Amino acid sequence: MSRHPVAVSAPGKVLLAGGYLVLDREYTGLVFGLDARIHVHVQRLPTSPGVDLSEVIVRSPQFRNAEWRYGYRETEDHRGIQITQLKGHSTSALSENKFVETALAYALSYISATSDIKIGSTAVTIVADTDYYSHPHSANSTNPARFVDFNVPLSEAHKTGLGSSAALVTAFLAAVLTHYLDESQLELNSEGGRRRLHNLSQAAHCAAQGKVGSGFDVAAAVYGSCVYRRFSPSILEELGQVGSPEFTKRLTAVVEEPDTSTKWDMQIKKAAAKLPRGLRLVMCDVDCGSESVGMAKKVLAWRKENPDEAALLWATLQKGNEELGRELLRLAQGSTTDSQDYTNLSDTILTIRSLIREMSAKAEVPIEPKVQTELLDACCRVSGVVGGVVPGAGGFDAIVLLLENDALPTLQRLLETYKTTNKDENGPGIGRVRLLSVKQDFEGLKLENAKSFADWLR
């Protein structure tokens with residue numbers, strides 16, 4: 001079994017098309033993985049000779065006081081591994097991290113249910129690429145280009161909306177399982193290994209969120225860029241919680257799909273998500289952020305109250321989203337040079353934005369707020385910018401743009417002095433707009449060099 005240090009990373013994501021629609025299996029989402037990654041390093045926890053601990057220490061050293069200590073023990077009746085948060089020197093208030101705690105419980109429960117190994121104590125370190133958070137501070141950073149010391153408590157960090165929770169849960173589970181299990185039990189780069197990690201990550205992420213979401217963010221974390229159709233929620237509805245009788249039996253069935261009754265029915269089409277060689281994807285952070293859960297509830301409530309109107313609008317949106325994917329694929333397959341005609345692509349994006357604004361008005365939800373409309377329009381007037389959207393659930397998260405490679409310097413100059421003129425928006429304003437360094441990345445989970453995180457370990 002592997003007890004040497006292990007490091008695994010998972011990408012962030014941007015849902016270019018399919019916001020809200022991806023919640024329903026009738027529709028799909030076009031999601032691109034990003035080269036901004038969450039990295040998880042796992043190693044043995046050093047102990048004195050003869051001392052046998054049952055403890056996992058999780059640290060996120062880029063943030064102040066971000067340390068969580070857990071004890072664990074196996075329970076009877078296949079209830080799984082019970083996790084108990086311990087009081088440590090930097091967790092005096094016992095601040096919780098639901099995603100870390102849930103991922104740890106699911107990882108150790110699955111390991112105990114499927115292998116005979118002794119689960120030893122470990123130290124887990126989580127490091128995020130800079131662009132996951134707004135306005136990073138580089139104090140005490142040895143590599144400011146990729147990892148920085150954000151110099152704030154985790155609760156005060158402003159996310160840019162790149163899907164940090166899904167990437168965290170996925171990378172955490174993959175790193176812990178890879179640390180404890182050998183390749184005969186789990187091969188990270190095999191199709192079967194990835195599928196099991198996908199299933200386990202979806203289950204753990206839904207449990208941490210307290211709801212069964214669409215899962216597109218976890219799918220992107222595991223597989224990278226893809227066209228995604230969600231799984232049936234019923235797959236996870238009977239799983240129950242860690243600690244319930246027979247939990248590990250149900251969890252193992254969900255992860256390993258032993259028969260047709262437990263088969264996952266999501267569709268993940270990697271070959272359908274492409275960008276032409278002459279285009280790149282960039283994101284602009286507006287340092288506000290939205291409560292996507294509350295927005296989704298309002299949109300779904302409008303859909304329920306206006307089923308015919310919503311069905312027509314969503315069907316039209318789906319056609320536009322599919323046309324966007326087809327046009328990107330057509331351009332990608334025909335791109336032998338960096339210069340192509342992007343008129344149809346630009347028109348398709350504008351049509352999608354118009355439909356999104358229509359849904360935004362009908363549901364009374366700021367999916368594309370006026371300040372974001374103003375920003376997108378300003379960016380799209382830059383020569384070489386093909387189009388852009390407020391991705392995913394919309395709101396005040398970072399916007400995404402598709403642009404020709406040589407348009408980046410001009411866009412950067414615009415954003416350096418950009419100020420919104422729209423003052424009547426019911427919501428947060430946007431201040432300085434920062435061009436993030438992220439770009440599209442088609443790769444999902446990957447093993448990293450564990451030694452590259454030495455400066456962040458202790």
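Trainee: Leaving aside its neighbours within four places in sequence, which residues is Leu 108 in contact with?

Mentor: This is a predicted model, in which local features need pLDDT of at least 70 and side-chain atom pairs count only at pLDDT 80 or more, while totals for chains, interfaces and linings use all residues. Residues are numbered from 1 along each chain as its sequence is written, and side-chain values use heavy atoms, with hydrogens and water left out.

Beyond four places in sequence, Leu 108 is in contact (heavy atoms within 4.5 Å) with Tyr 72, Ile 81, Ile 83, Ile 119, Val 176 and Tyr 180. Leu 108 is also listed, with Phe 172, Met 283 and Met 359, among the residues with the most contacts inside the largest nonpolar core, which has 123 residues. Such a core is a set of buried Ala, Val, Leu, Ile, Met, Phe, Trp, Tyr and Cys residues joined through side-chain atoms within 4.5 Å; buried means under 20% relative accessible area, exposed over 50% and partly exposed in between, with a 1.4 Å probe and protein chains only. Helix 2 (residues 164-180) contributes the most to this core, with 12 residues; helices are DSSP runs of H or I, at least four residues, numbered from the N terminus.

Another core, of 19 residues, lies apart from the largest one and includes Val 282, Ala 378, Cys 379 and Val 385. Cys 379 is buried, because its relative accessible area is 0%.

Terms used:
Helix = DSSP H or I, 4+ residues; strand = E, 2+ residues; numbered from the N terminus.
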